[in-house]
Amino acid sequence: MSRPVISATGLFTPPNAISNAELVQSFNSWVDKYNAENAGDIAAGVKQPKAHSSVEFIEKASGIKARYVVDKEGVLDINRMTPNIAERPNDQISVLAEIAVNAAKQALERAGKDGSQVDAVICAASNMQRAYPAMAIEVQQAIGSQGFAFDMNVACSSATFGIQTGADFVRAGHAKTVLMVNPEICSGHLNFTDRDSHFIFGDVATAVLIEAEEVAQKDHWNILGTHLKTQFSNNIRNNFGFLNRGDPSGVGKTDKLFVQEGRKVFKEVVPMVAGMIQSEMDRLGLKATDLKRLWLHQANTGMNRLIAERVLGHEATEDESPTVLDTYANTSSAGSIIAFHKHSGDFKAGDKGLICSFGAGYSAGTVFVEKAH
Ligand code: COA
């Protein structure tokens, strides 16, 4: 049986960033316009006035200071409040596949591999470009790989579920080199007119190459263990689907976009994830002191601080639990992979860490890794 390892990661960051100040200015202008347009109904008590958002609240509640987006203009346009991403003809690569390929090429280059050496492509993300054909098959074609490819969706936990799936293919002998990509254009599922959540998400793509140890470069990460968990919850939801297409502009159909009970998520997910990490550490015979770093899902600084504290037994330093929330915001499945990609270059042979995701479903996944050389 081959031993699966992580041989490289890749990251694609869109060129446009939106600061909290820019986002709040646009949101507040939209609110003023809404309140003016609905002044009669508001005065008659038929509609509630909308309240302004604030930079201070966003930073304090989430740790987010900015986010990257594929289209800045459409998001900030108060007559639109949603990204303007043109539909592409069928003979062009889709935008989600394109950003996935950008991240994939970097991972392949870092691993010294060519696309033709990839046996399987998994596209693991919160939102798919369309029902079919799979984005993963577009990526497969774009990198020139043979073999098989498919999409999977476990919301914010898609990447860890994808890593375990890829590792299982290697263990079972179905593939030696698996490319797992996470294109997340979260601005597409975000309701930019919802004060409670308009600031949460950003766009990005990440890639992870999972390989059999015998074909991987020397400079890789051993996978010590993976564990996945799901538990049904309505507290994070997006009802968009092929049976209820809703308003194509997205504005006004709030349940066809991201909605959450943020407080409940916070309260329920923190103990679930901390407990899951603890029991997986017990199973693998690992102590908190064995872990140099936690690359946690980037949802919210408060959740990350509490989870890290429960796992480590003390408040985590930025070095022990780095955040990318300030610049990237929540990028769904890609968050923990961005943290790993950007904050793992200092690891030496034998250093251990944890990639951990959590999100809608609920779903959570742990991948304990050790630097091999
Ligand atoms: N600007 C200013 N004030 C705002 C605001 C905004 N954009 N959004 C909400 N508020 C106000 C609320 O109206 C409320 O006011 P009140 O106390 O007068 O009623 C107050 O701020 C607190 O709102 P609340 O929604 O309770 O904030 P919170 O402290 O729970 O933070 C989240 C909100 C979403 C940041 C937080 O609950 C969270 O991070 N939860 C985890 C969920 C998560 O990360 N999910 C992603 C998937 S894993």
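I started with burial in this predicted model: buried residues make up 53% of the 373 residues in the protein chain. I then took the accessible surface, about 16200 Å², of which carbon and sulfur atoms supply 49%.

Next I looked up the secondary structure and found 11 helices and 13 strands. I checked the radius of gyration, which is 21 Å; the globule rule gives 21 Å for 373 residues, so I note the chain as being as compact as a globular protein of that length. The C-alpha trace spans about 70 × 55 × 35 Å along its principal axes.

Residues 24 or more positions apart account for 78% of them.

For charges I counted 36 positive and 42 negative side chains. The centres of the two sets lie 3 Å apart.

Which residues touch the most other members of the largest nonpolar core? I list Val273, Ile277, Leu294, Ile307 and Phe358, out of 48 residues in that core. The elements giving two or more residues to this core are helices H1 (20–37), H8 (262–284) and H9 (301–312), with strands E11 (291–296), E12 (352–359) and E13 (363–371). H8 gives the largest share, eight residues.

Last, I noted a second, separate core of 34 residues. Among its members are Ala167, Val208, Ala212 and Ala339.

Notes
Residues are numbered from 1 along each chain as its sequence is written. This is a predicted model: local features need pLDDT of at least 70, side-chain atom pairs count only at pLDDT 80 or more; totals for chains, interfaces and linings use all residues. Side-chain values use heavy atoms; hydrogens and water are left out. Helices (H or I, at least four residues) and strands (E, at least two) are DSSP runs, numbered from the N terminus. The radius of gyration is taken over C-alpha atoms; the globule rule is 2.2 Å times the number of residues to the power 0.38. Buried means under 20% relative accessible area, exposed over 50%, partly exposed in between (1.4 Å probe, protein chains only). Contact means heavy atoms within 4.5 Å. Accessible areas come from the Shrake-Rupley method with a 1.4 Å probe; for residues, only the protein chains shown count as cover. Lys and Arg count as positive and Asp and Glu as negative; His and the chain ends are not counted. The place of a charge is taken as NZ of Lys, CZ of Arg, CG of Asp or CD of Glu. A nonpolar core is a set of buried Ala, Val, Leu, Ile, Met, Phe, Trp, Tyr and Cys residues joined through side-chain atoms within 4.5 Å.
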